[in-house]
Amino acid sequence: MNIYVGNLAWTATDEVLRTEFEAFGKVTSATVIKDRVTNRSRGFGFVEMPTESEAQAAIKGLNGKDMNGRALTVNEARPRQERRDPR
């Protein structure tokens, strides 16, 4: 299951995100989305967990949890929508 994690601190890293979620089960991947120019966190990321029950436990356990002074927003990720070409 793909999980959206929002309201991350600008200093958040993939490793920190993985560690938080591994408390609930196996993590396939953990990625903090970064700005292409500054390489700084954009404040959100995605975690992939193979077991739905573990993913649901992580969502329930981490949504609203304080991490570096910020309350996390954690929920099931929605499929990415097609972007229109701005040109």
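**Close-up views of a predicted model**

View 1. Beyond its neighbours within four places in sequence, Val5 is in contact with Leu17, Phe21, Gly43, Phe44, Gly45, Val47, Leu72, Thr73 and Val74. One of these contacts, Thr73, lies 68 residues from Val5 along the chain, yet the C-alpha atoms of Val5 and Thr73 are separated by 5.7 Å.

**View 2. Pairing of strands β1 and β3.** Strand β1 comprises residues 2–6 and strand β3 comprises residues 41–48. The two strands pair in the antiparallel sense, and 5 bridges join them. Within this pairing, Tyr4 has Phe46 of β3 as its bridge partner.

**View 3. The open sheet of 4 strands.** The strands follow the order β2-β3-β1-β6, and their pairing is antiparallel. Strands β2 (29–34) and β6 (73–76) form the edges, each pairing on one side only. From one strand to the next, the twist averages 20 degrees.

**View 4. Helices α1 and α2 against the sheet.** Helix α1, formed by residues 14–22, lies across β1, β2, β3 and β6. The direction of helix α1 is at about 140 degrees to that of β2. Helix α2, formed by residues 52–62, also packs on the sheet, where it touches β1 and β6. The direction of helix α2 makes about 155 degrees with that of β6.

**View 5. Asn39 in the loop between β2 and β3.** Asn39 is located in the loop that lies between strands β2 and β3. Although Asn39 is not a glycine, its phi is positive, at about 60 degrees. Is this residue buried or exposed, given its relative accessible area? Asn39 is exposed, because its relative accessible area of 54% is over the 50% cut-off.

**View 6. Asn68 in the loop between β4 and β5.** Asn68 is placed in the loop between strands β4 (66–67) and β5 (70–71). Its phi is near 60 degrees, a positive value in a residue other than glycine. The relative accessible area of Asn68 is 54%, and the residue is therefore classed as exposed.

Methods:
Residues are numbered from 1 along each chain as its sequence is written. This is a predicted model: local features need pLDDT of at least 70, side-chain atom pairs count only at pLDDT 80 or more; totals for chains, interfaces and linings use all residues. Side-chain values use heavy atoms; hydrogens and water are left out. Two strands pair if DSSP finds at least two bridges between them. Axes are lines fitted to C-alpha atoms, for helices over the stretch in contact, and angles run from 0 to 180 degrees between N-to-C directions. Contact means heavy atoms within 4.5 Å. Buried means under 20% relative accessible area, exposed over 50%, partly exposed in between (1.4 Å probe, protein chains only).
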